[in-house]
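Here are some notes to read beside the model. Please keep the sequence open while you go through the points.

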Amino acid sequence: MKYFIGNWKMFGIPKSINILKRINTFCSKDKNRNKYKAIVTPPYTLLETYSNYFKTKHLTIGSQNCYQKDKFSSNTAAVSPYMLKSVGVKYTLIGHSDNRSEGDTDDILKEKVKLALKNNLKVVFCIGENKTQKKNKTTFNILKRQLTKVLEKKLNKNNIIVAYEPIWSIGSGKIPSSDDLEKTIIHIKNSLKKIFRKKSPAVLYGGSVDGNNVKIFKKITQIDGFLIGGASKSSKKFIDIIKNYYR
Ligand code: PEP
């Protein structure tokens with residue numbers, strides 16, 4: 001199974017649902033539809049309406065983050081995995097570099113993953129090195145540390161997906177070389193096999209993915225799908241990525 005996951009970030013108002021309706025129409029008729037899952041993560045404000053609308057449709061709705069406390073708490077503006085689940089959300093991103101840079105430590109992320117899984121959300125756990133770490137050739141150590149500090153054997157690996165997103169690639173138009181990317185995905189999968197003692201969860205790539213470069217990425221068969229930021233805000237661009245992947 002491949003995954004095409006759109007991250008809308010701070011984008012979208014109620015009528016933006018039309019973008020997702022077009023994506024859903026394409027996916028539900030696509031001859032390759034059983035080979036992949038299309039998921040989009042709009043902002044919190046839209047989750048309930050969108051989840052209700054797509055409940056019985058091909059497209060699935062996820063959230064971009066969740067708070068590290070269970071059920072209800074006195075943290076202003078926080079939304080717990082329990083609250084997300086209550087409005088029909090199925091997936092949540094955790095550990096996006098935007099949130100890491102705003103203070104999400106490994107300990108916080110560990111709690112988020114634990115609570116999301118407890119509330120039956122599927123977790124898309126994001127990891128990635130920054131420009132300096134890449135330059136200093138510490139990428140492999142960084143990624144391994146990000147994985148081992150948060151994930152552990154007792155977690156349900158069937159509900160975990162890992163998204164490798166080099167920070168320097170997000171929104172920059174820059175992508176890793178095929179050789180580097182293949183080696184990195186293999187390194188991540190090997191680290192995950194060590195954590196979970198057997199099979200690795202799915203590993204996605206994210207960072208400036210578009211309808212053109214997806215043709216390069218599809219040659220790297222170890223990649224199980226994509227986390228797509230900018231291009232997911234346009235139905236045409238998102239659909240082009242799926243179309244060109246299977247062309
Ligand atoms: C992201 O922010 O998760 C992302 C991958 O963004 P973009 O596709 O725009 O690089």
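**Notes on the predicted model**

1. Ala 77 sits in the loop between β3 (60-63) and α3 (81-86); helices (H or I, at least four residues) and strands (E, at least two) are DSSP runs, numbered from the N terminus. Its phi is positive, about 70 degrees, although Ala 77 is not a glycine. Most residues other than glycine have a negative phi. With 73% relative accessibility, Ala 77 counts as exposed (exposed means over 50% relative accessible area, buried under 20%, partly exposed in between, with a 1.4 Å probe and protein chains only).

2. This is a predicted model, in which local features need pLDDT of at least 70 and side-chain atom pairs count only at pLDDT 80 or more, while totals for chains, interfaces and linings use all residues. Residues are numbered from 1 along each chain as its sequence is written, and side-chain values use heavy atoms, with hydrogens and water left out.

3. Asn 120 lies in the loop between α5 (106-118) and β5. Asn 120 is not a glycine, yet its phi is positive, near 60 degrees. Asn 120 is exposed, with a relative accessible area of 52%.

4. Helix α10 (residues 235-246) has 12 residues and spans 17 Å from first C-alpha to last, close to the expected 16 Å (1.5 Å times one less than the number of residues). Buried residues of α10 include Phe 238, Ile 239, Ile 242 and Tyr 245. Among the elements covering the buried residues of α10 are β1 (2-7), α1 (17-29) and β8 (225-228).

5. The largest nonpolar core has 59 residues, and Phe 125, Leu 151 and Phe 226 have the most contacts inside it. Such a core is a set of buried Ala, Val, Leu, Ile, Met, Phe, Trp, Tyr and Cys residues joined through side-chain atoms within 4.5 Å. Apart from it lies another core, of 12 residues, including Tyr 91 and Cys 126.

6. Not counting residues up to four places away in sequence, Phe 226 touches several residues, among them Tyr 3, Ile 5, Val 214 and Tyr 245 (contact means heavy atoms within 4.5 Å).

7. Which residues line the largest cavity? They are Gly 95, His 96, Ser 97, Arg 100, Cys 126, Ile 127, Gly 128, Glu 165 and Ile 167. A cavity is a set of points on a 1 Å grid over the protein atoms alone where a 1.4 Å probe fits but cannot get out, and lining residues have an atom within 4 Å of a point. α4 (97-101) and β5 (122-127) each supply at least two residues of this lining.

Technical notes: 1 Å grid on protein atoms, 1.4 Å probe; cavity = no way out; pocket = protein on both sides within 12 Å on 5 of 7 lines; lining within 4 Å.
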